[in-house]
Structure formats: C-alpha cells, structure tokens
2 protein chains.
Amino acid sequence: MDLITNIKQMQDLAMKLKGEGKTIGLVPTMGYLHEGHLSLAVRARQENGIVVMSNFVNPLQFGPQEDFATYPRDLDRDNKLAEGAGVDYVFAPSGEEMYPEGYSTYVEVKGGATEKMCGRSRPGHFLGVTTVVLKLFLITQPSRVYFGQKDAQQAIVIRKMVTDLNLPLEIVTCPIVRERDGLALSSRNTYLSPEERRNALALPHALAAGRQLIQQGERNPVRVREEILRVLESSPGIRVDYVEVVDGRTLEEQPVLQGPVLLAAAVFVGKTRLIDNIDLEVVPCTAVC
Amino acid sequence: MDLITNIKQMQDLAMKLKGEGKTIGLVPTMGYLHEGHLSLAVRARQENGIVVMSNFVNPLQFGPQEDFATYPRDLDRDNKLAEGAGVDYVFAPSGEEMYPEGYSTYVEVKGGATEKMCGRSRPGHFLGVTTVVLKLFLITQPSRVYFGQKDAQQAIVIRKMVTDLNLPLEIVTCPIVRERDGLALSSRNTYLSPEERRNALALPHALAAGRQLIQQGERNPVRVREEILRVLESSPGIRVDYVEVVDGRTLEEQPVLQGPVLLAAAVFVGKTRLIDNIDLEVVPCTAVC
C-alpha cells in the first residue's frame with residue numbers, strides 16, 4: 001500500500017490507472033478508522049481494480065465551535081488498518097494542500113435535504129462536505145464511491161450533487177456497523193467517558209423503539225417521533241439535537257409512513273454529538289395490523 | 001460531424017474516446033457562432049484528437065431582466081459553421097436536460113474576481129457560468145477547454161475554479177476577433193441598429209485611447225481609466241456600465257500599472273450591453289518615457 005499526500009501525484013496516478021482501463025473505488029474518510037470504514041474498503045475491494053482511501057479531516061465541514069482541532073487522528077494506525085482491508089493507495093493531503101491560501105470555490109446543494117437535520121444543526125456543514133467530496137472525486141477519478149449509511153443525510157446530499165453535476169460515478173451506501181451492544185461505530189465514540197458510553201446506548205435503543213412501533217403497525221410519523229423522543233428524554237445524560245421520521249430518499253416529511261423511511265436522531269452525550277439512524281421499507285398497513 | 005443532445009450519450013462517448021487514449025478539446029459556446037467562436041474551434045482542432053463544441057444558451061447566467069429569451073439562436077447555421085471549422089461533435093442539450101426539475105447544485109467562486117466588473121453589474125452571472133461550465137466539463141471530459149479573451153473576466157473566474165477544484169484540464173484563452181473597423185465580435189452585435197452599430201465603435205476606440213496613454217508612458221491607472229471614460233462619455237448613444245484598468249490576472253487594482261494589465265469596459269448602446277477589453281504587458285517606465 002502506498003501513501004500519497006500530493007494532489008498532483010494522486011491525480012496523475014489515477015488518470016494513468018484509468019487510462020490502463022482500471023476501475024477505481026474511492027473510500028472517503030476523515031481517518032481514525034473503525035470497522036465501519038473498513039467495511040467500505042472491503043466492499044470497494046470486491047468491486048474495483050484499484051481501491052483508494054482518502055484520509056483527510058476536512059476543516060471546511062466543521063463549524064467554528066465544533067471539534068476540528070480535537071478530532072482524533074492516527075495516520076500510522078489508519079494506514080496499517082487500510083492495508084489490512086486491501087486498500088491500494090491512501091490519499092492523505094494536508095489542509096494547505098487541499099485549501100491553499102486564496103482558495104475560494106464552493107459547491108453547494110441548495111434547499112431540500114441540506115436544510116434539515118444536520119444541515120440545520122450545523123450551518124455550512126454540507127457546503128464543506130460537497131466541496132471536499134467533489135475535489136476528492138476529481139483528484140482520485142473513481143468509478144464508485146463508498147459511504148456509510150450512518151451519515152445517511154450526507155449520502156443523500158452527495159447523491160444529489162452527483163446527479164445534478166453529471167459526475168460519471170456511482171455512489172454506494174453501506175450498512176451501519178455497530179458495537180455488540182448496538183452503538184453505531186463512530187470516530188467520535190472515543191470522546192465518551194465510561195459513563196457517557198453507557199448513556200449513549202439510549203440513541204440506538206430509542207431508534208429501535210421507533211422501529212418497533214412501525215413494525216407493530218404505526219404509520220403516523222408524529223407518533224413514531226414522539227416515541228423516539230420519549231425514550232431519549234427519559235434517558236440520563238442525553239440532550240436531544242433532533243429526531244426525524246422522514247422519507248429515506250428525500251428527507252421530506254411523509255403524512256403517512258410508506259416506502260423508504262428514515263428514523264434519524266442526533267444527541268449530545270456530554271459534549272459529544274452523536275448521530276444514528278435506522279432505514280426501513282414500510283409497506284402500506286392493511287386492516288390486519 | 002454529429003449532433004448530440006443527450007447528456008448520457010455525450011458523456012458515454014467522451015469516456016469511450018478517452019478510454020481509447022484520445023484527447024478532447026472543448027469549445028463551450030452559447031451558439032449563434034461568429035468568427036471568434038470559430039477561431040477557438042480551429043485552435044482546438046490543432047491541439048486535440050477530438051473537438052467537441054457545446055451550444056447551450058445557459059439560462060442560469062442571465063439575470064431576470066436580461067436577454068435570455070431574445071438571445072439569438074440558429075442551431076442549423078451553427079452546425080454547418082462548426083463542421084466547417086473541424087468540430088467532431090456538437091453537444092446541444094435542452095434546458096430541461098441540463099437543469100431538470102428539482103435541480104439544486106451550484107458552484108461558486110466567491111469574492112475576488114467574481115465581485116468586480118460584470119460580477120457587480122450582473123449579480124449571479126458567474127455562479128451561472130461556473131455551474132454550467134463545470135457540468136459541461138464533467139459531461140464532455142476535455143483535456144483542454146477554449147475560451148475567448150473577450151470574456152476576460154469569465155476566463156479568470158473559470159481558471160480559478162479549475163485550480164481550486166483540481167479539475168484535470170487546461171484552460172486556453174484565445175485572442176479577441178474583431179470586425180475590420182475594430183468592434184469585437186459578439187452574438188449580441190445582431191441587436192444593434194445601423195446607428196447603434198456606428199456608435200458602438202466608441203468602445204474599442206476608447207480602450208485603444210487608454211492603451212495609447214500607457215504606450216506613451218502613463219502608469220497611473222486612474223488617469224488611464226479617466227481617458228477611456230472621457231472618450232466614452234463624449235460619444236453619442238453610449239451609456240457606461242463600467243470601465244476598469246486592473247491587474248490582468250486577478251482583476252485587482254494596481255497602484256502603478258505593471259505586468260499584465262487589463263483595460264476593460266462594458267457599455268450600453270441603446271438596450272444592448274456590450275463588453276470589450278485590451279490586455280497588455282506593461283513594463284516599468286524608466287526615466288526616458
């Protein structure tokens with residue numbers, strides 16, 4: 001496995017590989033890899049001739065009060081894990097390499113999915129995501145790009161950008177990987193104290209309670225949301241940022257749950273903000289349920 | 001020469017041609033071709049295996065009070081001219097093909113060159129330009145893209161986008177083509193009545209007067225600008241939009257003219273807005289001048 005930090009070197013290599021007829025699978029990450037990231041690399045390995053993993057903590061997608069400075073980093077460990085997962089090239093540029101002085105071009109998906117959920121809680125976040133992701137696409141020239149379903153909204157926003165800009169690549173979304181007790185893997189889990197780690201379980205539990213209601217026949221999104229909120233608000237050490245029960249493709253509200261549905265929540269556990277979601281396909285409820 | 005109106009067809013073809021090792025030269029136009037456009041195609045023909053010309057009147061770069069609806073169009077004539085200039089493929093999508101319902105992704109170069117000159121007179125214009133141009137780049141996959149120096153500011157903004165987003169292509173700027181009497185070629189010249197056509201000559205004359213001052217040793221941009229303004233304001237039927245004497249690479253003001261300098265102006269002749277410019281390399285003035 002090779003580590004590349006220079007944009008031109010990465011791009012020249014990607015163009016050369018494509019010229020040789022190879023397909024490139026890209027796994028964009030902010031590093032501090034966990035099994036969730038590695039599941040993306042394994043999938044990319046199965047589907048592409050070449051696997052590139054980017055490792056870049058993108059300052060542009062962090063708000064001024066957020067955790068850019070403290071976001072966990074361990075490039076040596078990441079590189080070993082990436083190699084083990086079959087990655088051919090890790091692209092890990094510096095901030096200065098990606099955004100040199102005078103940098104001023106931004107890509108924005110306006111309205112729709114970007115204004116809800118994390119877009120409301122984190123103004124400018126998705127502008128930073130779409131801008132860096134477009135740059136990574138142009139630098140690494142992938143045929144397929146792999147994102148985790150944990151960042152469901154991110155995947156929806158990026159799909160919209162890819163469609164609108166006619167990017168010649170496919171976005172592949174892979175399932176959330178969880179700890180044995182149900183907590184979704186996240187690099188930010190390292191922020192949690194032992195007590196916070198226990199409290200954080202309320203997040204997957206609350207979402208599971210919402211799913212259970214739907215499985216029992218509830219089709220009113222307001223009641224499902226209330227149930228998720230109820231579980232979260234009755235749990236110690238949890239402050240709710242948002243809870244949404246929405247269309248899983250558009251994040252629009254549904255009057256009656258049907259088709260792809262996303263139960264999504266963001267909470268603060270202490271100072272740590274965690275997100276999680278469950279996506280499911282809801283069939284119309286017959287008289288039986 | 002083939003005419004293509006479908007994005008996927010154009011993109012699949014471009015990817016296939018690139019896969020065969022061919023280089024693609026793109027000439028983006030809004031149609032109603034004149035010798036200026038054709039000079040770009042001829043240059044592209046010399047430098048690339050395949051020449052694609054796009055022909056699309058981009059609604060996104062017109063303001064609500066501007067001439068999108070009346071902008072001259074003649075695709076049949078354009079296609080014959082393009083074929084004569086050696087174009088292999090004309091890509092002429094519909095507005096609906098480029099911006100389907102729900103389209104919401106925009107690319108913006110912020111600050112700097114986009115806020116001056118035409119950016120100030122035409123809010124949103126360069127957002128529309130960069131968005132459509134990025135889409136055209138991604139659809140036609142060029143190695144080189146050809147723009148006219150008449151739209152000097154446009155070329156500067158697009159170069160900035162290309163650099164910032166790491167687009168793997170080269171922007172080539174070609175000289176302004178003029179009528180024998182000096183008027184820069186523009187599809188909008190067709191709007192002019194015979195009297196307006198005569199009045200419009202004040203634009204190249206005024207810029208030439210500015211250049212002459214510099215050639216005579218003037219290095220104060222304020223005085224050069226005043227001379228250009230003086231000629232325009234003493235000419236019949238001319239309303240000045242802007243006159244700028246600025247750095248030819250950044251459009252920033254220079255305290256003393258030196259290096260690449262752009263003399264640029266926009267005027268209304270009747271209801272028709274025309275732009276023109278002269279770029280020159282200014283050497284430091286010694287005691288001799």
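The following questions and answers concern a predicted model with chains A and B.

Residues are numbered from 1 along each chain as written, and chains are lettered from A in the order in which they are written. Local features need pLDDT of at least 70, side-chain atom pairs count only at pLDDT 80 or more, and totals for chains, interfaces and linings use all residues, while side-chain values use heavy atoms, without hydrogens and water.

User: Which residues does UniProt list for "binding site", and what is the largest C-alpha distance?
Analyst: The unreviewed UniProt entry lists A:Gln61 and A:Gln154 under "binding site"; such positions are given in the numbering used here, feature names are shortened, and annotations may be inferred rather than shown by experiment. The residues are spread over 94 residues of sequence but cluster in space, with a largest C-alpha distance of 11.3 Å.

User: Is A:Gln61 buried or exposed, and what is its relative accessible area?
Analyst: A:Gln61 is located in the loop between strand 3 (50-55) and helix 3 (75-84) of chain A. Helices (H or I, at least four residues) and strands (E, at least two) are DSSP runs, numbered from the N terminus. Buried means under 20% relative accessible area, exposed over 50% and partly exposed in between, with a 1.4 Å probe and protein chains only. A:Gln61 is therefore buried, at 9%.

User: Which residue's side chain is joined to that of A:Gln61 by a polar contact of 2.9 Å?
Analyst: A polar contact is a pair of N or O atoms within 3.5 Å; within protein, one must be able to donate a hydrogen and the other to accept it, and residues adjacent in sequence count only if both atoms are side-chain atoms. Beyond four places in sequence, A:Gln61 is in contact (heavy atoms within 4.5 Å) with residues including A:Arg122, A:His125 and A:Val129. The side-chain polar contact of 2.9 Å is with A:Asn58.

User: Which residue of chain A comes closest to the rotation axis?
Analyst: Copies are superposed by least squares on the C-alpha atoms of residues with pLDDT of at least 70 in both. The same surface serves both copies, as 100% of the contact residues of chain A recur in chain B. At 2.2 Å (C-alpha), the residue of chain A closest to the axis is A:Val107.

User: Which strands of chain B stand at the edges of the sheet?
Analyst: Six strands of chain B form an open sheet with parallel pairing, in the order 1-4-3-2-6-7; two strands pair if DSSP finds at least two bridges between them. Each edge strand has a single partner strand, so one side is left without a neighbour in the sheet: these are strand 1 (2-4) and strand 7 (170-174).
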